[in-house]
Amino acid sequence: VSVDVDPISFEVLRHRLWQINDEQGVAIRTVSASPIVVEGNDFNVGLFDRRGRLATSGSGSLIHVNTLGFTIRNFIESGLDFDPGDVLMTNDPYLGAVHQNDVIMASPLFVDGEIVLWIGNVLHHADVGGIDEGSFCINARSLFQEPARYFLKIARGGRIDPAVERTFVTNSRLPDAASLDLRAQLGGIHVARERLEGLMAERGVEVVSAVVDGLIDDSREQLSRMLGEIPDGTWHGEAHMDGDRVGSDRVVTVTLEMTKRGDRLHFDYAGSSPQVDSAVNCTWHSTYAGSTVPVYAFLCGGEIDWNAGLEELVTIDAPSGTVVNAEFPAPVSICTIGFRWLVTVAANQAVARMLSASPAHRDRVCPSWGVSCNANNLFHHSPSGKTQGALLSDHRCGGAAARSFADGFSHSGQITAYSSNAGNVETTESKLPVLYLMRRQLTDSGGPGRFRGGVTAMSALTPYGVDQLTFKSTNTAGTEASNAAGIEGGFPGGGSQAFVCRDADPLGALAGDGAAFDPETLVTAADWLPSKADGIVRQGDVFGFYPPGGGGFSDPLLREPWRVRDDVAVGLVSDEDANGVYGVVLTGAGVDEDATRVRREELRTARLEGASTVEYRLGFDVGNGGSPSDTLEVAGGDGDPEIRCTWCGHTYEHTDDGDAVRARGRRGPVGGAGRWVGRRVGGDSSRFELQQVLCPGCGTLVSTDERRVDEG
Amino acid sequence: MMSEFRIGVDTGGTFTDLVALRPDGSVQTRKALSTPHAPQEAVLEGLRGLAADNGLSLGELLARTSRLAHGTTVSTNALIQRRGARVGLLMTAGFEDTLSIGRGPLRRTGGLPASKGRDYIHTQPVSPLVRPEDVRGIRERVGSDAVVLREVVEEDVVEAVTDLVAGGCESLAVCLLWSFRNPVNERRVGQIVARVAPDLPVSLSVDVAPLIGEYERCVTTVANAYLGPTTETYIRELEAQLEAEGLGSDLQIMRSSGGLTPVSLIKDDAVAIVNSGPTGGLVASQYLGELIGADMILTTDMGGTSFDVGMVEDGAFTREQSPFIDQGLPVRVPAARMITIGAGGGSIAWSDRGRLGVGPSSAGSQPGPACYGRGGVEPTVTDALLILGLLSPERFFGGQLHLSEERAREAVATRVAEPLGMGVEEAAAGIYEVVTAQMSDLMRKVTVERGLDPRDFVVFAYGGASPLHAGHWLRMLDVREVVVPATSAVFSALGVATSMLSFSEQVSEPVEFAAGSPTADVIGQIFDRLWGRALERLARIGVADDAVGSTGHVELRYRGQMNELSIECPAGKVTLDELDGVKRRFEQEYERRFGRGTTVRAPMEAITFTLDVFVDERKPRLGDVRTGGRDEGRPLSPVAVRRTYQRDSGWWDTNIYEFAGLVAGDRIEGRALVERGDTSILVPEGTHAVLDEFGNVRIRLDGVEQEVSR
């Protein structure tokens, strides 16, 4: 039965549903024992229609809300009987969980014997078992070395089933935390159910259901309109994992061609690597969810409600048996910060390139945002068998790419959850036996460009009060190529890296001269870790890491010199990079304008030396009004448009098929993008290089990209 | 000398409100136009007016004043306009970037509504309170176990302070890791600074907010250093002026937590008076609630740009432990919990493909609603009220501003009615309904989030516009009653006048919480230490320790949890029975909020201990007004009839009553309007209002009768 809801009631009920869902989140956050949940917001809550379509999503991880919808649809199709007050629970990545830590709970809301809505939430549990502490199984070769996959009814008729609870809790290394988090999720469902029942009684099922449908329709229509304003085209994205499990530093890749036609957006992942015998594989619905992240973040933003409205407009093709559509029984316990993460990285690049070609929406260009989850679990096993441990949260201090009108956000956190915060040092020290030596902004970690990418931070700590700690470093990627793409000539941002310094005796140094620890000195003695690594840090050792920076926008030689001066003054950019990358000559607190002009000419000339001719694909249709980039412009009339350099006016020569222009190209080591890129390999990888496309006239950059070079 | 006046002065954006209470219970009110360039001018102007009302000179009034309490916006304004002192910050070396890193996204999105936080690209962080180049690292370190791992390297402090002062810093903040567990290093830094730069104001984190979490503690300390000099200068000057005019008692300043601070302690409390504006209304509600026997109250204050909701629960208002004073700036200074949404008279209504929305953007006071005729073309809530006949065009702003209904109709027609295919009145009624519902949703949120049922509450409606919406909440929220206080137009000032001198001592000290004497001993020791600090503070302000009352709270959680529940606890040595009681209250509160069966058999821990100390004064009592009943010969009758519009029934003749003509016991049947000064009170259809002996207009649903003494 569909009823007309007047605009006023619609708005009132839209707010009401939002608020009920929000209350679900508040309950979870308050009960949870986990810093990942409370400080990191690594959970989410949603209200779904009777068919499992997301209507209202919470503010936590936006991967979760999409996959939750898939899970509820799997519950519906499972043939199970549901009764009022039942709560279903699963963490099965093959049923919609992103990885086994993400425990999903969903409960149907009944009115007069009919299911009218679903309430759902998902929460990252700190440990659910498996071969590695923290359950990101960097040592697993098989699904069966990973945490158990549950499919349970945790509550029947509104009452928790103690046997089911115990089965789940007992399989965790941190049973107290698991128990509280389970209760947190149930508490959230309880709160939402009570409120929704009240709402149904007050307004009637028909009206509420019509509003739920209307919310989804509204979002679809708004997104459809926005997509219609963007020129059609196909854009590329790719991301590489340099190390997929302990002992393997092979490169595994996700490749994307994203096509926009009319109001449809299609993500095609053909060409991505075959699935691997390590836990980083991604299942289909997580690839779907990962693809929608930049659509929510940059197209929907704060204007269009985040719900299933986009599902009709956004489609994906992910070949079966690849890392982006793994088949059972591929191990998947790192999926969320494995290939799900890199799917989002690739999708983010493609969406930014699309927006870059869209005159009406160039203000939304942002090609990278927290491209690697440098997730580090630390555990302490006492001789009595007691285990204490947690996931550090410093990876949320990474940066985002520059925008087309301003620098990128430093310490932006992750794109998947805009409110995922890093914990306080004091909070972490009160939960784990560690002592932080520093947490500092990392100079030169923001990708250079006319607008600079956001910088990241480096953290370093040492065991405190215990002999040793076990670390499990589950860094998505970024020890060779950074994946922190820039755009329109902007450089990639700093990579993502963990390290250990053995026998550094930091406490001795502290007590001695009261050493002030800083990244430069610390890393001189660093053993750089591969992307997946585990081991022991003993007393006297230092464990340190930095998440990625953000990429830059446009050529750094076009950056206004005063901005470089200000960056140097507060330590975001070094003197060396000011001169060597930005070509700015500083005199004390000022800029030497003349010397800067000369220096910039020198750098342009040097770029062109040794460059060779390359073909550059434009990625946009010159005829349809697409605005190419910050360093290329379309000139001339309708009949015969020309592509020119915005700096020197050089007219680019078209290739024979007309889709590309002839430019100059140069290739060099990845470390050319900055000294925090490819640290593990000394800035010089045998598998990746930095490729730049230049204006033949003046050497102004058209693009600066990392490329894989060891195959095809 | 007679000490008969107890005065509250509340500075607002437009008016400075004054309330004087006298021992006989009479209440006098006064308004003066605010003077933002020098707020003390309006304070003195208002006091002169109050003196004149009593046939006194200003000196005579001040000499007879037993207490003058002041709510000021000087800190809030300095913060919003970023006009505080240039602050230098000293932090533990290695952690100088704490504010810049800002716990990742928290610095940018913390405290923002979701619609803004989700706008990834455009959500700029706010400008910081301290420039990155004014932060210096000091080599020192205390561990999480309170052990000093490195003493302060003295030359670091000397060098940093010399350099910062030379660079133009006017105020210093010091925030070292774990100083709240062991303050020895931080105090040492304070001593060195006092030697090197004796005139430099210094805020130590251990004095301002001795609580775990370096980002929030640092923000709090920096905010205090930033606002301290401006705030202290203003208050000292005001105090000197008042003393020169003859004030015989101490000036006291309203804090955002609802208590008063003596001027002598303002240095470490500058951040605590930010956003104290709306708190006055909460204190007044608590006070008035006690008089009329209401201990569960939702307070609502609707102004031009925002709608503030607070809550009195079991006779006390709830506090927030870490409120945001601005985007990304959480402070560890408890404040009365107020929730604000952008729903005010100036909120702009819009339509978008068949949808009607209101806010959050606002026309403010410039250009203001379309009906002001100051160039505003967007339709606002005020425009809707005017079209609906709920506002009297002549009485608005005391008749100083004539409202143009024509402009209001034009704005609503072009922006809302025509796009939605509605009539102008229908659209105006829609705007009114949407905003009234948003307000009601917010009230539901603040109650339900805490596991409370709105049906147990009475709504107090004050401030400019709440009384025109509040009557509807009887049905929308099922609240018991709506009360429009007699002093609704100066309600915050009443709160300032009735507040108590108070302060809190807090410490974070995570300890195991179990039934048994070890826990009882530890709690006793911690509260003893807090009492030690409290007694020192009392000595500084010259209050005898037998004149004070106190309450203790302990923040409890299951071990490992990240959030705590604040539970009342005896502030001293606890018996095992009392300890058990604390645990029981925790479990009750927990289940009330998260549902039956959510408690677990996990070990518990106590994190933060709070001792609230207040000077135990006799509360002033409000006298009865207008009792004695109505004369037989002068029956209650409306002064006018005006047409008002409603969505379901169209235009409707509505009786207008003049407040000044009412006496206690008068009963008015809805639908009617009661007008007083520039406040209009709507008594909706199906409800009735009764005037009580204190002059409050009390509205209930028909069929729900009330006892009011005459």
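This is a predicted model: local features need pLDDT of at least 70, side-chain atom pairs count only at pLDDT 80 or more; totals for chains, interfaces and linings use all residues.
Residues are numbered from 1 along each chain as its sequence is written, chains are lettered from A and ligands numbered from 1 in the order in which they are written, and side-chain values use heavy atoms, with hydrogens and water left out.

**Exercise 1.** Work out what lines the second largest pocket and which element gives the most to the lining.

*Solution.* Now the elements, with helices (H or I, at least four residues) and strands (E, at least two) taken as DSSP runs. H12(A) comes out on top, giving five residues to the lining of the second largest pocket. Finally, sort by class: 20 nonpolar, 12 polar and 16 charged.

**Exercise 2.** Find the residues nearest the centre of the largest cavity.

*Solution.* Searching the whole structure turns up 12 cavities of 30 Å³ or more, a cavity being a set of points where a 1.4 Å probe fits but cannot get out. The largest cavity holds about 190 Å³. Of its 21 lining residues, Asp42(A), Thr336(A), Ile337(A), Trp341(A) and Gln414(A) lie nearest the centre. Helices H3 (62-77) and H8 (339-356) of chain A each give two or more residues to that lining.

**Exercise 3.** Describe the ring pair of Trp284(A) and Tyr288(A), then say which charged ends sit over the rings of Phe409(A) and Trp306(A).

*Solution.* Rings of Phe, Tyr and Trp (its six-membered ring) pair if their centres lie within 6.5 Å, and planes under 30 degrees apart count as stacked. Trp284(A) and Tyr288(A) are stacked, 5.8 Å centre to centre with 25° between the planes. Both lie in helix H7 of chain A, four residues apart, about one turn of the helix. For charges, CZ of Arg or NZ of Lys must be within 6 Å of the ring centre and within 35 degrees of the ring normal. Arg403(A) has its charged end over Phe409(A), 4.2 Å from the ring centre, while that of Arg118(B) sits over Trp306(A), 3.9 Å from the ring centre.

How values were computed. Ala, Val, Leu, Ile, Met, Phe, Trp, Tyr, Cys and Pro count as nonpolar, Asp, Glu, Lys and Arg as charged, and the others, Gly among them, as polar. On a 1 Å grid over the protein atoms alone, a cavity is a set of points where a 1.4 Å probe fits but cannot get out, and a pocket is an open set with protein on both sides within 12 Å along at least five of seven lines; lining residues have an atom within 4 Å of a point. Grid points are joined across faces, edges and corners, and a volume is the space filled by probe spheres set on the points. Rings of Phe, Tyr and Trp (its six-membered ring) pair if their centres lie within 6.5 Å; planes under 30 degrees apart count as stacked, over 60 as edge-to-face and the rest as tilted.
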